[in-house]
Amino acid sequence: MTAARTVKKPQAPDALKPLVAKVQTLRRMVPALSDEDTWRAFLAVNANGVTSTRAMSEGQLCTVVEALHQAGAPRKAPGAKAPARYADTAQMAMIRALWLELAELGAVKDRSEAALSAFIKRQTRQDVGRLFPSSAAAVIEALKSWRARVTTASPPEVPAL
């Protein structure tokens, strides 16, 4: 007789692991929940009687996250800053100035930073934050050429009556 061989299947990574980690991080930010009994009671109240984050569904974990925010946990991590959009270089200042000038001339319909970023991405295939000086120079020249075309274009003729 041959022995039956069991093959272990690789386990799928737990999709809720980041959410559980967020709950645990937020828990440490609320001093009132440092006691284990208080924490379990808090979970039971906010997750329909479930007292273990590993046993919770995604919806229950989201409810607990919201309850932790209401209990005093900050919505953003302390010290977290918004990433800088662009490097503040002379070239980027020139690019922005040309972009806004084209917007004033009516050549650019959307004068936002997002539209400028999309324009630069189309021109250079690089993100604005990682723009090489040579690529920035090419963008400046493209914007100057665009400005020259706009300013030298003759206005449309109006038919005489």
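Modeller: Helices (H or I, at least four residues) and strands (E, at least two) are DSSP runs, numbered from the N terminus. Arg27 lies in helix 1.

Biologist: What kind of model is this, and how are the residues numbered?

Modeller: This is a predicted model, in which local features need pLDDT of at least 70 and side-chain atom pairs count only at pLDDT 80 or more, while totals for chains, interfaces and linings use all residues. Residues are numbered from 1 along each chain as its sequence is written, and side-chain values use heavy atoms, with hydrogens and water left out.

Biologist: How many helices and strands are there in the protein?

Modeller: The protein has six helices and zero strands. Along the sequence the pattern reads α-α-α-α-α-α.

Biologist: Why does Arg27 count as buried?

Modeller: Buried means under 20% relative accessible area, exposed means over 50%, and partly exposed lies in between (1.4 Å probe, protein chains only). Arg27 has 14% relative accessibility, so Arg27 counts as buried.

Biologist: Which residues is Arg27 in contact with, leaving aside its neighbours within four places in sequence?

Modeller: Contact means heavy atoms within 4.5 Å. With those neighbours left aside, Arg27 is in contact with Leu33, Ser34, Asp35, Glu36, Trp39 and Leu68. Arg27 also belongs to a network of salt bridges, together with Glu36 and Arg40.

Biologist: What makes Arg40 and Glu36 a salt bridge?

Modeller: A salt bridge is a side-chain nitrogen of Lys or Arg within 4 Å of a carboxyl oxygen of Asp or Glu. The closest N and O atoms of Arg40 and Glu36 are 2.9 Å apart, so the pair meets the rule. Both residues are in helix 2 (residues 36-46), and because they are four residues apart there, about one helical turn separates them.

Biologist: Are Arg40 and Glu36 buried, exposed or partly exposed, and what shows this?

Modeller: Arg40 has 34% relative accessibility and counts as partly exposed. Glu36, at 36%, is also counted as partly exposed.

Biologist: How do you know that Arg96 and Glu113 meet in a salt bridge?

Modeller: The N to O distance between the side chains of Arg96 and Glu113 is 3.7 Å, so this pair is within the limit too. Arg96 is in helix 4 (residues 90-105) and Glu113 in helix 5 (residues 113-124), so this pair, 17 residues apart, links distant parts of the chain. Glu113 is partly exposed, at 28% relative accessibility.

Biologist: Which parts does the pair of Glu101 and Arg147 tie together?

Modeller: The side chains of Glu101 and Arg147 meet in a salt bridge at 3.2 Å, N to O. Glu101 lies in helix 4 and Arg147 in helix 6 (residues 133-152), so the pair ties together parts 46 residues apart in sequence. Glu101 is partly exposed at 33%, and Arg147 is partly exposed at 27%. By the salt-bridge rule, the count comes to eight.

Biologist: Where does Thr53 lie, and why does Thr53 count as buried?

Modeller: Thr53 lies in the loop between helix 2 and helix 3. Its relative accessibility is 8%, so Thr53 counts as buried. Beyond its neighbours within four places in sequence, Thr53 is in contact with residues including Val20, Val23, Trp39 and Leu61.

Biologist: What makes a set of residues a nonpolar core?

Modeller: A nonpolar core is a set of buried Ala, Val, Leu, Ile, Met, Phe, Trp, Tyr and Cys residues joined through side-chain atoms within 4.5 Å. The largest such core has 18 residues, and Val23, Trp39, Phe42, Met56, Val64 and Leu68 have the most contacts inside it. Helix 1 (17-28), helix 2 and helix 3 (58-70) each supply at least two residues of this core. Helix 3 gives the largest share, five residues. A second, separate core of 17 residues includes Trp99, Ala103, Phe119 and Val128.

Biologist: How does the reach of helix 3 compare with what is expected?

Modeller: The expected span of a helix is 1.5 Å times one less than its number of residues. Helix 3 has 13 residues and reaches 19 Å from its first C-alpha to its last, close to the expected 18 Å.

Biologist: Which residues in helix 3 are buried, and what covers them?

Modeller: The buried residues of helix 3 are Gln60, Leu61, Val64, Val65, Ala67, Leu68 and His69. Their cover includes helix 1 and helix 2. Gly72 follows helix 3 and has a positive phi, near 125°.
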